[in-house]
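Please open the structure in your viewer and follow the stops below in order. Each stop names a selection and then describes what is found there.

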Amino acid sequence: MVALGAVIAFLLGFALFYGLKGKKKSIDSSMKSSENRTCKSDSGRSTDIIIVGAGVAGSALAYTLGKDGRRVHVIERDLRQPDRIVGELLQPGGYLKLVELGLEDCVSDIDAQNVYGYALYKDGKSTKLSYPLGSFNSNVAGRSFHHGRFVQRMREKAASLPNVRMEQGTVTSLLERNGTIKGVEYKTKTGEKHTAYAPLTVVCDGCCSNLRRNLCNPKVEIPSCFVGLALENCKLPFANHGHVVLAEPSPILFYPISSTEIRCLVDIPGQKVPSVSNGEMAQYLKTVIAPQIPHELQTAFISAAEKGNMRTMPNRSMPAAPYPTPGALLMGDAFNMRHPLTGGGMTVALSDVILLRDLLRPLHSLDNAYSLCKYFESFNTLRKPVASTINTLAGALYKVFSASSDPAREEMRQACFDYLRLGGVFSSGPISILSGLNPRPLGLVLHFFAVAVYGVGRLLIPFPSPKRLWIGARLISDASGIIFPIIKAEGITQMFFPVAVPAYYRAPPVK
């Protein structure tokens, strides 16, 4: 593993330092959109598609399919405004997807804030990393907001279409007949049991989905938990930027969620967190975390901790591993999750929505479930380059940004911070991947190992010693041990060579 990582690191690092030219490109669509085409069902049934869940993925999908003429029935467990502490930062790449779907007005009139990049802090030093937005319109930027306000706007827009029915209810099971999903069974808010039928059911019921076990092999990991606070009466040191503090034991995030509030997310490794009810959490935040954050935010941070108005939530990750199931598909967090450190979840979800819309557009009938299932195998392949790049970056960056007692891991952490401070392509390349503007898997691997090479070079200058050589070898080994397992879980061939996968070429079924 060390030898393999060293060879890859050398080749990729050499290519970066001597041959890489920065390019600003918008994110490529997996398929060309046919915006003027509409789809009309030729069957006599009342519903073409059932969507379980009306979060970001479900609402966006309902709107775009409804616009295309599909008859959509959305069943959402709770149609009240959600109250969550994640899903509050939409990267610029995700905003472009929102525009492509015609949903950009959903970030209007909710006091959403423009985000133009990140500020990175470590050991009292800081650097500003701007999104590479020079080739885009002036309105293209990240957006941060209250998650619930954004979702409610999307729900309202979807429900405004005459062929989209939005209903509150809890789906209890998928209705299966001879291996094909025919619809769902659900309970209304009054407790009445109902069944709904459609040739296609799309399950987007979120990170705690109780239906995905029927449609995939869920391998959910919980590497850490977030503690969320809302800071008031303060300003971020770098306006309209997310702030990431490389603290101990793990990163701390700050970003605006309105014109008067700043969200703080404190990452705590593992699944056990100090108790909020008995005051342990407040004490931990004030004594361990507060001294590590920028001094401009400390007073507001301590005040928020003392008020006790904080929430915790587990950070889940799960690679997409669907079972081909006639009549059903998974989407959103029910399908695929990554660590929320990089804020890439909504970008992946909206990208998937566009891809599924484009796959469905040529189809007039959805009644042949087995042919449709075969056709949808292309969905899982076509989404991989974008989704897997964002997923891999999230998992790898979280591990690199977390503190460690291992000298090699700590050297990797410092090298990453200093690499990004170099500016030019060394910062614009990684930030274009993180922002979803240029999520290319090869670029991700290139920069990741370039950081490792940069770290080894720092160790060997001016004179190498046996100890430094050993740490350098360990650094390459650790870098390999971080990124390769994530890539393997995502699927190497689908991620890097999707054209080599037969499903890539699936044609729409002929009626």
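**A guided tour of the predicted model**

Select helix H9 (residues 384–401): its 18 residues reach 25 Å from the first C-alpha to the last, close to the 26 Å expected at 1.5 Å a residue. That expected span is 1.5 Å times one less than the number of residues, and helices (H or I, at least four residues) and strands (E, at least two) are DSSP runs, numbered from the N terminus. H9 is mostly covered, with 17 of its 18 residues buried; buried means under 20% relative accessible area, exposed over 50%, and partly exposed in between (1.4 Å probe, protein chains only).

This is a predicted model, in which local features need pLDDT of at least 70, side-chain atom pairs count only at pLDDT 80 or more, and totals for chains, interfaces and linings use all residues. Residues are numbered from 1 along each chain as its sequence is written, and side-chain values use heavy atoms, leaving out hydrogens and water.

Next, select Glu248 and Pro249, which are joined by a cis peptide bond with omega of about 10°. Pro249 sits in the loop between strands E13 (242–245) and E14 (252–256). Then move to Ile461 and Pro462, where a cis peptide bond has omega of about 5°; Pro462 belongs to the loop between helices H12 (441–460) and H13 (466–490).

Now select Asp123, a non-glycine residue with a positive phi of about 50°, in the loop between strands E5 (117–122) and E6 (125–130). Asp123 is exposed, at 65% relative accessible area.
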